[in-house]
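Try each task yourself before you read its solution.

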Amino acid sequence: MTKIKKFIKRYLFFFLLVLINIILLFFKPEIARGVTKLSLDSLKEMLSIIPPIFIILGLMDVWVPKETIMKYMGKGSGLKGGIFAFILGSFSAGPLYASFPIAAIFLKKGVSLTNIFIFIGAWSATKIPMMLFEVAELGMKFAVSRFILNIITIIVLAFVMEKTTSKKEAKKIYEKATEQTDKD
């Protein structure tokens with residue numbers, strides 16, 4: 001496949017959205033302006049989050065040896081690895097999409113799938129800064145109950161997901177992460 005075809009295939013959805021917005025500009029200009037403003041605001045947010053994440057990833061990829069990551073979060077890390085993955089995800093900042101490049105680096109370094117799932121689950125559901133807001137607005141009882149239920153759910157889902165992922169699928173996930181991080 002030529003480079004142009006690959007480029008079009010990769011960004012087809014984006015091009016379709018731009019085309020729809022251009023059509024909206026002629027028939028519903030107020031909606032088109034709203035969509036454009038929302039898109040630019042989202043782009044601005046992403047550009048403020050993604051570069052620092054990639055800088056941290058680059059430093060982590062170079063400075064933290066694979067053996068260290070494997071020791072603390074690899075297949076043989078056990079409970080310690082799950083706790084470490086949970087803490088890293090819970091103390092993170094930024095939207096969920098920022099966790100995926102970090103998870104890819106972790107996969108490249110040999111982190112177990114269970115710990116990857118725990119990390120992403122914690123990032124998406126148990127942010128400590130959000131919990132402080134929750135305590136203030138909804139009360140300690142609610143915040144602690146939700147936090148405990150999230151911990152249980154994240155752990156159960158991580159184990160179920162790892163057990164239902166075949167060795168072939170797991171190998172493909174690790175290969176894709178290595179391929180993607182080496183390309184970037």
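**Exercise 1. Work out whether Lys109 is buried or exposed, and what is around Lys109.**

Solution. Keep in mind that this is a predicted model.
- Step 1: start with the number. Lys109 has a relative accessibility of 7%, and the cut-off for buried is under 20%, so Lys109 counts as buried.
- Step 2: Lys109 sits in the loop between H5 and H6.
- Step 3: Setting aside residues up to four places away in sequence, Lys109 touches Met60, Asp61, Val64, Pro65, Lys66, Ile69 and Met70.
- Step 4: Just after H5, Gly110 takes a positive phi of about 95 degrees.

**Exercise 2. Find out how many residues of helix H5 are buried, and which ones.**

Solution. 
- Step 1: name them. The buried ones are Ser99, Pro101, Ile102, Ala103, Ala104, Ile105, Phe106 and Leu107.
- Step 2: check one of them. Ile105 belongs to H5, and its 5% relative accessibility makes it count as buried.
- Step 3: Ile105 and Gly74 are 31 residues apart in sequence, while their C-alpha atoms are 13 Å apart in space.

**Exercise 3. Identify the residues that touch the most other members of the largest nonpolar core, and say which element gives the largest share.**

Solution. 
- Step 1: the core has 32 residues, and the ones touching the most other members are Ile102, Phe106, Ile116 and Phe119.
- Step 2: see who contributes. H2, H3, H4, H5, helix H6 (113-125), H8 and helix H9 (167-183) each give two or more residues to this core.
- Step 3: pick out the largest share. That comes from H6, with eight residues.
- Step 4: zoom in on Phe106. Leaving aside neighbours within four places in sequence, Phe106 is in contact with Met60, Ile69, Met73, Leu88, Val111, Ile116 and Phe119.

**Exercise 4. Decide how H3 and H4 are arranged relative to each other.**

Solution. 
- Step 1: get the geometry. Helix H3 (residues 66-73) and helix H4 (residues 78-90) pack at about 105 degrees, and their axes are 7 Å apart.
- Step 2: apply the cut-off. Angles of 65 to 115 degrees count as roughly perpendicular, so H3 and H4 are roughly perpendicular to each other.
- Step 3: see which residues meet. From H3 come Lys71, Tyr72 and Met73, and from H4 come Lys80, Gly81, Phe84, Ala85 and Leu88.
- Step 4: sort them by class. This contact has five nonpolar, one polar and two charged residues.
- Step 5: follow one of them. Phe84 lies in helix H4 and is partly exposed, with a relative accessible area of 36%. Not counting residues up to four places away in sequence, Phe84 touches Tyr72 and Met73. The C-alpha atoms of Phe84 and Ile118 are 9.4 Å apart, although 34 residues separate the two along the chain.

**Exercise 5. Describe helix H2: its span, its buried residues and its packing partners.**

Solution. 
- Step 1: compare spans. H2 has 35 residues and reaches 51 Å from its first C-alpha to its last, close to the 51 Å expected at 1.5 Å a residue.
- Step 2: list the buried residues, which are Ala32, Ile49, Ile50, Ile53, Leu57 and Met60. They pack against helix H1 (3-27) and H5.
- Step 3: look at H1 together with H2. Their axes come within 6 Å and cross at roughly 145 degrees.
- Step 4: name the meeting residues. Asn21, Leu24, Leu25 and Phe27 in H1 meet Pro29, Ile31, Ala32, Val35 and Thr36 in H2. By class, the contact has seven nonpolar, two polar and no charged residues.
- Step 5: finish with Glu45, which is also in H2. Glu45 has 39% relative accessibility and counts as partly exposed. Apart from residues up to four places away in sequence, Glu45 touches Pro95 and Tyr97.

Notes: Residues are numbered from 1 along each chain as its sequence is written. This is a predicted model: local features need pLDDT of at least 70, side-chain atom pairs count only at pLDDT 80 or more; totals for chains, interfaces and linings use all residues. Side-chain values use heavy atoms; hydrogens and water are left out. Buried means under 20% relative accessible area, exposed over 50%, partly exposed in between (1.4 Å probe, protein chains only). Helices (H or I, at least four residues) and strands (E, at least two) are DSSP runs, numbered from the N terminus. Contact means heavy atoms within 4.5 Å. The expected span of a helix is 1.5 Å times one less than its number of residues. Axes are lines fitted to C-alpha atoms, for helices over the stretch in contact, and angles run from 0 to 180 degrees between N-to-C directions. Angles under 35 degrees count as roughly parallel, over 145 as roughly antiparallel, 65 to 115 as roughly perpendicular and the rest as oblique. Ala, Val, Leu, Ile, Met, Phe, Trp, Tyr, Cys and Pro count as nonpolar, Asp, Glu, Lys and Arg as charged, and the others, Gly among them, as polar. A nonpolar core is a set of buried Ala, Val, Leu, Ile, Met, Phe, Trp, Tyr and Cys residues joined through side-chain atoms within 4.5 Å.
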